[in-house]
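Please open the structure in your viewer and keep the selection panel handy. We will go from one selection to the next.

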Amino acid sequence: MKKKREPIEDPRIVIAFLTLIALSVPWYLPEGSYEPVIWGFPYWVLVSLFFTVLLAVFCAWVINFYWSEE
């Protein structure tokens, strides 16, 4: 059986976490932009929520399949 490594030891996981965190903060969108409005929210809110949920799902996946409890 292959021994699981700690997630911090895999640079792919660290890069994925940093990328998702950077994408969840909409700093890359134009300043002051709020059009189009979708379901009453500016589009940047939905972009931020999407990447935040993606970050949470990725975090749960890492904990379940990659984190060693020993």
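Which residues does L55 touch, not counting residues up to four places away in sequence? Select L55 and its surroundings: the contacts are F17, L20 and I21. Keep in mind on this tour that the model is predicted.

**Helix 2**

Now select residues 43-65, which make up helix 2. Its 23 residues reach 33 Å from the first C-alpha to the last, close to the 33 Å expected at 1.5 Å a residue. Colour the buried residues of this helix next: Y43, V45, S48, F51, L55, F58 and V62. They pack against helix 1 (11-24), strand 1 (37-38) and strand 2 (41-42).

**The core**

Show side chains for I13, L20, F51, L55, F58, V62 and Y66. These seven residues form the largest nonpolar core. Helix 1 and helix 2 each supply at least two of its residues, and helix 2 gives the most, with four. In soluble globular proteins, nonpolar side chains tend to be buried together.

**The rings**

There are four aromatic pairs to look for. One of them joins F50 and F51, edge-to-face, at 5.1 Å centre to centre with 75° between the planes. F51 counts as buried because its relative accessibility is 17%, under the 20% limit.

Move on to W61 and F65, four residues apart in helix 2, about one turn of the helix. Their ring centres are 6.3 Å apart and the planes meet at 40°, so this pair is tilted. W61 is partly exposed at 42% relative accessible area, while F65 is exposed at 53%.

Terms used. Residues are numbered from 1 along each chain as its sequence is written. This is a predicted model: local features need pLDDT of at least 70, side-chain atom pairs count only at pLDDT 80 or more; totals for chains, interfaces and linings use all residues. Side-chain values use heavy atoms; hydrogens and water are left out. The expected span of a helix is 1.5 Å times one less than its number of residues. Buried means under 20% relative accessible area, exposed over 50%, partly exposed in between (1.4 Å probe, protein chains only). Contact means heavy atoms within 4.5 Å. A nonpolar core is a set of buried Ala, Val, Leu, Ile, Met, Phe, Trp, Tyr and Cys residues joined through side-chain atoms within 4.5 Å. Rings of Phe, Tyr and Trp (its six-membered ring) pair if their centres lie within 6.5 Å; planes under 30 degrees apart count as stacked, over 60 as edge-to-face and the rest as tilted.
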